[in-house]
Amino acid sequence: MSAENIIKNWKLTKVTFGEGTLSDAGRISREMNITKALITIGGGSVEKFGYLTRLTTVLDKSGVKYDILKGIEPNPSVGTIYRIALKALQSQADGFIALGGGSVIDAAKAANVLVTLGVDDIHPYFGVDNIKKELKGELMPLLPIPTTSGTSAEVTKYSNVSDLVIGVKKLISDPSIIPKRAIVDPELTVSCPPQLTRIVGLDTLTHLMEGYLNNVHDQVDPEANSRAIEGMRLLFNNLPKAVKNGKDVEARKMMSLACLLGGTVIVYKSTGGPHMNSFSWFSVMDHGEATALMLPYYVAYYGKNISAKLQVIADLMNLKVTQQLTKTVVEGLFEFYKKIGQPTKISDYSQFPKEFISKAIIDASQNQMKLDNMPRPIPADKRDLILKVILEGAWNGQIDEILKL
């Protein structure tokens, strides 16, 4: 089945996909019983490129009222979630439209929890399945319209929120926040500059590859691996094209599909080490870059347990395996990164404090479940030693010591 047909038949979120589908926002809002929407946006690019005006024009034509909240920052804070919820209540909105990147969508998803449940504290809902325990019925309707192709927030059960008081990025994981509808218009991603295209594209890569390599949940969704393989195929063929020429609409369309496929994979198959470390570094590095940066080094560690899957990845990347398979795939990822301008080691980032290596190890000690569910688990009694080797390797850009583990 083609990627487009997979998305068309996806049951958890009805996705309206294709160029120009932003024009369907009014009709879909009415179908969702939204009579007054709170539109949430980020730093201004959706205004600069005319996307907000296009959205409000179709809402006006459809008779859907709206209010607008601007300025949602990357890695939205708890305070931002409260600001959105308060605005929704003041506006008497009966639905949300999130127009922007993953942070805008995540923030709206979290704020929707507060508004629907009538509560004023988001903290009890961090963690797994804490919303559905209290929710009677469904959350207020939320229509995500992504303007990047990377986070997959429009189809996932996740919302990432930064707690600035303690300097930690926290996760809501709950099927209740999976959007029922979404509009994915690849034309909205054409304005993404090369660096952002690369970063969000690599976020998609980690969703697809981490989900695919996850062995623990293979039986939860037997078709997830096929979706991951198709998504990786699209990404390896099209991300370099999208980075090189942002106006390549076909490449943008394929990246939007890869992003959606990544989201359908991680709904059922959890991510691993790269995502775990990215939560420790949100204050100094973009999420997509952090996950992508760590991906090859965790592949080096996982390799002994995932040889069949690594061979599939090698084939997708057209790698000739003339030496040890794991090393071939890791070096292939490094070459792919270099092709699109992505650094391959942590020390390439001058703003990254080396003490954040230790922070990642300490933070991991609070997430043994994630370590246990990796393709090659990291036992608690060897946790600090193994993670130090992996993270030091990533700092120096070396995998030889990791391969010896």
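Biologist: What should I know before reading the numbers?
Modeller: The model is predicted, so local features need pLDDT of at least 70, side-chain atom pairs count only at pLDDT 80 or more, and totals for chains, interfaces and linings use all residues. Residues are numbered from 1 along each chain as its sequence is written, and side-chain values use heavy atoms, with hydrogens and water left out.

Biologist: OK. How many salt bridges are there?
Modeller: The whole structure has 20 salt bridges. A salt bridge here is a side-chain nitrogen of Lys or Arg within 4 Å of a carboxyl oxygen of Asp or Glu.

Biologist: Which residue does Asp218 pair with?
Modeller: Asp218 pairs with Lys269, at 2.6 Å from N to O. The pair links distant parts of the chain, 51 residues apart. Asp218 is in the loop between helix H7 (194–213) and helix H8 (224–244), and Lys269 is in the loop between H9 and H10. Helices are DSSP runs of H or I, at least four residues, numbered from the N terminus.

Biologist: Are those two buried or exposed?
Modeller: Both Asp218 and Lys269 are buried. Buried means under 20% relative accessible area, exposed means over 50%, and partly exposed is in between, with a 1.4 Å probe and protein chains only.

Biologist: And what does Arg227 meet?
Modeller: Arg227 forms a salt bridge with Asp221, at 2.5 Å from N to O. Arg227 and Asp221 are buried.

Biologist: Which residues form a network?
Modeller: Asp24, Arg27, Glu31 and Arg181 are joined into one, through salt bridges that share partners.

Biologist: What about Lys132?
Modeller: Lys132 bridges to Asp129, at 3.6 Å from N to O. Lys132 is partly exposed, at 44% relative accessible area. Asp129 is partly exposed too, at 22%.

Biologist: New topic. Which residues make the nonpolar surface patch?
Modeller: Leu12, Val220 and Tyr268 make it, and its area is about 230 Å². Patch residues have over 30% relative accessible area and no salt bridge; like charges are joined within 9 Å, nonpolar side chains (Val, Leu, Ile, Met, Phe, Trp, Tyr) within 5 Å. Areas come from the Shrake-Rupley method with a 1.4 Å probe, and for residues only the protein chains shown count as cover.

Biologist: Where is Tyr268?
Modeller: Tyr268 sits in the loop between helix H9 (249–266) and helix H10 (273–280). Tyr268 counts as partly exposed, at 32% relative accessibility.

Conventions: Helices (H or I, at least four residues) and strands (E, at least two) are DSSP runs, numbered from the N terminus.
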